[in-house]
Amino acid sequence: VCDDGSKEDIKSVVDRYTGQINIQYYRFTDNLGRNSLTKHWDRSVGLADAEWIWLFSDDDIMSPGCVQAFFDALHFTKGKYDVYRFNIEMINAEGEVICIKEPHPPIESGYEFLQRRLLSKSLSAAVEYIFRKEVFEQNSGFVNFPLAYCSDDASWITFADDKDIYTIGGNAVQWRASGVNISASKGLQNQKAVALIKFVEFITKRYPDNTSELLSLAEPWFYENMSYIHARFNPLQARI
């Protein structure tokens, strides 16, 4: 449990489970996530000594069978992939499901995943992905964009590389649109706009032979996201 300078008393919650489960608590006082969420993710992952990493936020929910399903998938695939994931549902602050999109394909390349994201055919967040720590280290951590906006998508594409992404069926993870997280915040429009532009730059550099197709897909995606964040975007304020 990595406490990024929270004002909440997280340690007292962790202490309830001392001796019951294998859990370690780290308190960071500098609140690095306020300036760079991806850097906080990086240092948190760096503390883990396991082969597989699953970032899980405090207000999201996994199905009871998810952990076992991952190990079953790992055994079934003989650990062939570096990135595994579950299907995801969006819930609100009260835990009500408010959005479900088509399930992920059982196996999908990074480029195919990107195409579906740009076409808004899939839900994707950090919380439903499990990745090999070795590939995280080989790529020097998460792709860094402002507010970590689009950083997770860029990172899954990078981590998967040419091994594809494997979807674990039969279980789901629920991502909470609570109204107080970064994705829902309406006060960070310019930083989000910069992140969207940096993501487009990232994908065109990664797939230079597909630049025309990607730009064609990215244009409506960009403006759809700009509408979502209600940005009054001033290009002069977006320092790329």
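**Helix pairs and buried helices**

Modeller: In this predicted model, the axes of helix 7 (residues 189-206) and helix 8 (residues 211-228) come within 10 Å and cross at roughly 165°.

Biologist: Is helix 7 roughly parallel or antiparallel to helix 8, then?
Modeller: Roughly antiparallel, because angles over 145 degrees count that way. The crossing of helix 7 past helix 8 is right-handed.

Biologist: Which residues make the contact?
Modeller: Helix 7 brings A193, L196, I197, F199, V200, I203 and T204. From helix 8 come T211, L214, L215, A218, W221, F222, N225 and M226.

Biologist: New topic! Which residues are buried in helix 2?
Modeller: In helix 2 (residues 37-47), the buried ones are T38, H40, W41, D42, R43, S44 and V45.

Biologist: What covers them?
Modeller: The cover over the buried residues of helix 2 includes strand 1 (2-4), strand 2 (26-28), strand 3 (52-53) and strand 8 (129-132). Helix 5 (133-138) and helix 6 (151-160) are also part of that cover.

Biologist: Why is helix 4 largely enclosed?
Modeller: Seven of the nine residues of helix 4 (residues 110-118) are buried, so the rest of the structure largely encloses that helix. The buried residues are G110, Y111, F113, L114, R116, R117 and L118.

Biologist: What follows helix 4?
Modeller: S120 follows helix 4, and its phi is positive, near 55°.

Technical notes:
Residues are numbered from 1 along each chain as its sequence is written. This is a predicted model: local features need pLDDT of at least 70, side-chain atom pairs count only at pLDDT 80 or more; totals for chains, interfaces and linings use all residues. Side-chain values use heavy atoms; hydrogens and water are left out. Axes are lines fitted to C-alpha atoms, for helices over the stretch in contact, and angles run from 0 to 180 degrees between N-to-C directions. Helices (H or I, at least four residues) and strands (E, at least two) are DSSP runs, numbered from the N terminus. Angles under 35 degrees count as roughly parallel, over 145 as roughly antiparallel, 65 to 115 as roughly perpendicular and the rest as oblique. A crossing is left-handed if the near helix is turned anticlockwise from the far one by less than a right angle, and right-handed if clockwise. Contact means heavy atoms within 4.5 Å. Buried means under 20% relative accessible area, exposed over 50%, partly exposed in between (1.4 Å probe, protein chains only).
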